[in-house]
Amino acid sequence: MIKVGMIGCGKIAQVRHIPEYLANGHVQILGYYDRSRNRAEELANQHGGTVYPDVEALLADPEIDAVSVCTANHLHAEITIAALKAQKHVLCEKPMAVTAEECRAMVQAAKESGCCLMIAHNQRFAKAHRKARALLMEGVIGEILSFRTTFGHQGPETWSINREGKDLWFFDPKAAGMGAMGDLGVHKTDLIQFLTGQRIKEVTAKLTTLDKKDGDGQKIGVDDHAICIYTLEGGAVGTMTASWTFYGQEDNSTILYGTKGIMRIYDSPNASIQIFKQGEVISFDLDRIQTNDCQTASGVIDEFVDCLVQGRKPAVTGEDAMYAMEAVLAAVHSSRTGQAVKVF
């Protein structure tokens with residue numbers, strides 16, 4: 001039985017980590033820490049377990065094997081490194097961290113500890129994305145020439161545990177590090193590398209604040225909209241859009257254009273994958289992508305637990321997530337300088 005401690009008890013912990021741990025027969029949630037003790041106590045009363053006064057006390061408990069880090073972004077690296085040094089396996093929410101130095105330090109800490117470090121890039125576990133990767137590796141649309149991947153919704157104020165207010169940590173540059181790019185863009189940045197099996201080698205980007213306002217009616221201090229041009233190591237050039245200003249139906253689609261056809265993923269209500277070739281349409285209806293309003297099992301928790309039980313590497317290692325973060329941070333730099341930025 002894997003005994004888990006929850007660090008951070010906000011919305012992502014409540015709707016994804018905790019329910020999925022409870023549904024996994026190999027896990028017992030041993031305890032909780034949150035800066036709001038009342039929030040942690042509510043979860044402990046509901047599901048059982050101990051409330052710890054601070055992170056240090058939770059990490060000092062020898063009964064805890066692993067932790068989920070579900071805090072604000074700026075705390076991810078500090079807590080993850082401390083947990084790894086305390087010989088705890090770590091599942092950390094995305095974005096991995098807010099600087100490249102922090103990402104590298106997390107990867108190094110995992111190597112030194114011998115413990116598992118997994119980052120919660122749940123898009124890799126969507127059935128259509130896994131099937132699409134396999135089809136692309138088989139060459140179903142030939143050589144990839146271009147792509148368009150998008151993740152947009154109405155913003156974190158429709159998701160946060162504090163839905164009634166606008167003063168969210170997501171909107172605080174110190175706590176979040178970045179806005180829609182770090183919240184949504186990191187997902188699609190990782191995804192395009194996963195689907196194609198190629199790393200992003202160059203980025204040109206524009207990150208801006210189009211509409212979101214804080215509780216004082218001022219524009220928030222982080223981006224609410226990002227558009228990136230990514231060049232893959234194989235030469236394909238495409239776009240990635242991340243936005244908190246899609247005031248309607250969420251868009252979580254990806255389209256890839258190849259020398260032999262076009263693949264559309266989560267772009268149609270009729271099929272999760274559609275492949276268009278000359279005179280032929282091939283469809284796969286495997287699942288529906290998660291939305292903020294329609295949460296389904298992400299696969300992240302089951303993968304994390306299984307790699308602990310089996311003693312194997314996770315499907316999303318610290319190194320994998322670091323490669324995505326390098327591109328994300330390059331996008332931030334490109335937007336600030338107005339220049340293309342090489343990732344490697």
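Which residues line the largest cavity? They are Ala 100, Cys 103, Arg 104, Met 322, Met 325, Glu 326 and Leu 329. The elements that give two or more residues to this lining are α5 (100-113) and α10, and α10 supplies the largest share, four residues. Helices here are DSSP runs of H or I with at least four residues, and strands are runs of E with at least two, numbered from the N terminus.

The model is predicted: local features need pLDDT of at least 70 and side-chain atom pairs count only at pLDDT 80 or more, while totals for chains, interfaces and linings use all residues. Residues are numbered from 1 along each chain as its sequence is written, and side-chain values use heavy atoms, with hydrogens and water left out.

The structure holds one cavity of 30 Å³ or more, and the volume of the largest cavity is about 30 Å³. A cavity is a set of points on a 1 Å grid over the protein atoms alone where a 1.4 Å probe fits but cannot get out; lining residues have an atom within 4 Å of a point. Grid points are joined across faces, edges and corners, and the volume is the space filled by probe spheres set on them. By class, the lining has five nonpolar residues, no polar ones and two charged. Ala, Val, Leu, Ile, Met, Phe, Trp, Tyr, Cys and Pro count as nonpolar, Asp, Glu, Lys and Arg as charged, and the others, Gly among them, as polar.

The largest nonpolar core has 110 residues, of which Tyr 21, Met 96, Met 181, Leu 256 and Met 263 touch the most other members. Helix α10 (residues 318-337) gives the most to this core, nine residues. Such a core is a set of buried Ala, Val, Leu, Ile, Met, Phe, Trp, Tyr and Cys residues joined through side-chain atoms within 4.5 Å. Beyond four places in sequence, the contacts of Met 96 (heavy atoms within 4.5 Å) include Cys 103, Met 322 and Met 325.

Two further residues are buried (under 20% relative accessible area, 1.4 Å probe, protein chains only):

| Residue | Relative accessible area |
|---|---|
| Val 328 | 0% |
| Gln 198 | 19% |

Val 328 lies in helix α10 and touches Met 178, Met 181, Val 186 and Thr 189, leaving out residues up to four places away in sequence. Its C-alpha atom is separated by 9.8 Å from that of Val 98, 230 residues apart along the chain. Gln 198 lies in the loop between α8 (180-196) and β8 (200-208).

Conventions:
Buried means under 20% relative accessible area, exposed over 50%, partly exposed in between (1.4 Å probe, protein chains only). On a 1 Å grid over the protein atoms alone, a cavity is a set of points where a 1.4 Å probe fits but cannot get out, and a pocket is an open set with protein on both sides within 12 Å along at least five of seven lines; lining residues have an atom within 4 Å of a point.
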